[in-house]
Amino acid sequence: EEKIKKFMSYKIKTFSYPSIPSKEIIQGKKSEILNANRKNKLVFISSFKMAISKHGSYKFRYKLVKDLLRYKDFFNLYGYGWDRVPLPFDVLGIAFIIRVKFLKELIRLLMKISYKPLGKFPIAKSKEKTLENYDFTLAIEPTISKFNSICEKIFDPMISGSIPVYYGQDISKTIPNNTYLKINKHTTAKELLLKLEKISESKKSEYRKNIYNFLNSKNADKYRYRTY
């Protein structure tokens, strides 16, 4: 990060994606967003990737997901690649390593010591429709660093009316903290589940109303397609 800074032709505090559709689309999804009849508790939709940089969240999310899988009645995982050992995509020379079979298998063997496959899991045909069935969704930013990034992670659950369980930047100045639940690198699976279980149906409905109001607000325009 420090080395490439001088090559950046722009100066920004936060990098973000256009992740929220128009107010008309949000208003058309009002019943789905506010729907309280959700059969399942917590979900995570993601492929299995790994980066070893201290700025990445991949080590944290692997441990959290691994521990959450012990609570099958509460947590569901969707995504590709959880049944095989990933190669760290941020290792120097990885583009060369993956083309040399010996090096590729050596790195994979070393990775397996700490990051064993967790199994094969279903693929969500529609992320949006899948999240509509869950009260809560893990929303984990890929990087936690000085160069803040706010991707689609927190917004995808909101658009489906699923309350984001967010691991990422300090977003309290731009996204109301009554629209998501914040976790940090010290949060354990057990602590998280106990916290979610204590949230009443009325409180969850309140979160969804706050989410709907935010998605319709001027503050959300910062992350809306039309703004970009």
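In which sense do S2 and S4 pair, and over how many bridges? S2 and S4 pair in the parallel sense, over three bridges.

The model is predicted, so local features need pLDDT of at least 70 and side-chain atom pairs count only at pLDDT 80 or more, while totals for chains, interfaces and linings use all residues. Residues are numbered from 1 along each chain as its sequence is written, and side-chain values use heavy atoms, with hydrogens and water left out.

**View 1. The open sheet has five strands in the order S3-S2-S4-S6-S7, with parallel pairing.** Helices (H or I, at least four residues) and strands (E, at least two) are DSSP runs, numbered from the N terminus. Two strands pair if DSSP finds at least two bridges between them. Strands of a sheet pair through backbone hydrogen bonds, either parallel or antiparallel. S3 and S7 are the edge strands, and each pairs on one side only. S2 and S3 pair in the parallel sense over four bridges. Val43 has Asn76 as its bridge partner in S3 and Thr137 as its bridge partner in S4.

**View 2. Strand S6 (residues 163–167) is joined to S4 and to S7.** Five bridges join S6 to strand S4 (residues 134–140), and the two run parallel. Leu138 has Val165 as its bridge partner in S6. On the S7 side (residues 181–182), two bridges join the strands, again running parallel. In S7, Leu181 is the bridge partner of Val165, and Lys182 is that of Tyr166. Five of the five residues of S6 are buried (under 20% relative accessible area; exposed is over 50%, partly exposed is in between; 1.4 Å probe, protein chains only). S6 is therefore largely enclosed by the rest of the structure. Ile163, Val165 and Tyr167 point one way from S6, and Pro164 and Tyr166 point the other way.

**View 3. The largest nonpolar core has 53 residues.** A nonpolar core is a set of buried Ala, Val, Leu, Ile, Met, Phe, Trp, Tyr and Cys residues joined through side-chain atoms within 4.5 Å. Leu42 and Leu138 have the most contacts inside this core. Elements that each supply at least two of its residues include strand S2 (40–45), helix H3 (58–68), S4, S6 and helix H9 (201–215). H3 gives the largest share, six residues. A second, separate core has five residues, among them Val43, Tyr78, Ala124 and Leu131.

**View 4. Leu42 and the residues that it touches.** Contact means heavy atoms within 4.5 Å. Not counting residues up to four places away in sequence, the residues that Leu42 touches include Leu68, Phe74, Phe75, Phe136, Leu138, Val165, Leu192 and Leu196.

**View 5. Lys204 forms salt bridges with Asp135 and Glu201.** A salt bridge is a side-chain nitrogen of Lys or Arg within 4 Å of a carboxyl oxygen of Asp or Glu. Side chains of opposite charge can pair when their charged atoms come close. In the pair of Asp135 and Lys204, the closest N and O atoms are 3.0 Å apart. Asp135 lies in strand S4 and Lys204 in helix H9, so this pair ties together parts that are 69 residues apart in sequence. Both Asp135 and Lys204 are buried, and the relative accessibility of Lys204 is 2%. For Lys204 and Glu201, the N to O distance is 2.9 Å. These two lie in H9, three residues apart, about one turn of the helix. Glu201 is partly exposed, with a relative accessible area of 43%. Lys41, Asp135, Glu201, Lys204 and Arg208 are linked in a network of salt bridges.

**View 6. Asp221 and Arg224 meet in a salt bridge.** The N to O distance between their side chains is 2.7 Å. Asp221 is partly exposed at 25% relative accessibility, whereas Arg224 is buried, with a relative accessible area of 3%. The structure holds 16 salt bridges.

**View 7. Phe102, Leu106, Leu110 and Ile113 form a nonpolar patch on the surface.** Patches are made of residues with over 30% relative accessible area and no salt bridge; like charges are joined within 9 Å, and nonpolar side chains (Val, Leu, Ile, Met, Phe, Trp, Tyr) within 5 Å. Together the four residues have about 440 Å² of accessible area, by the Shrake-Rupley method with a 1.4 Å probe; for residues, only the protein chains shown count as cover. Ile113 is in helix H5 (residues 101–114) and counts as exposed, at 60% relative accessibility.
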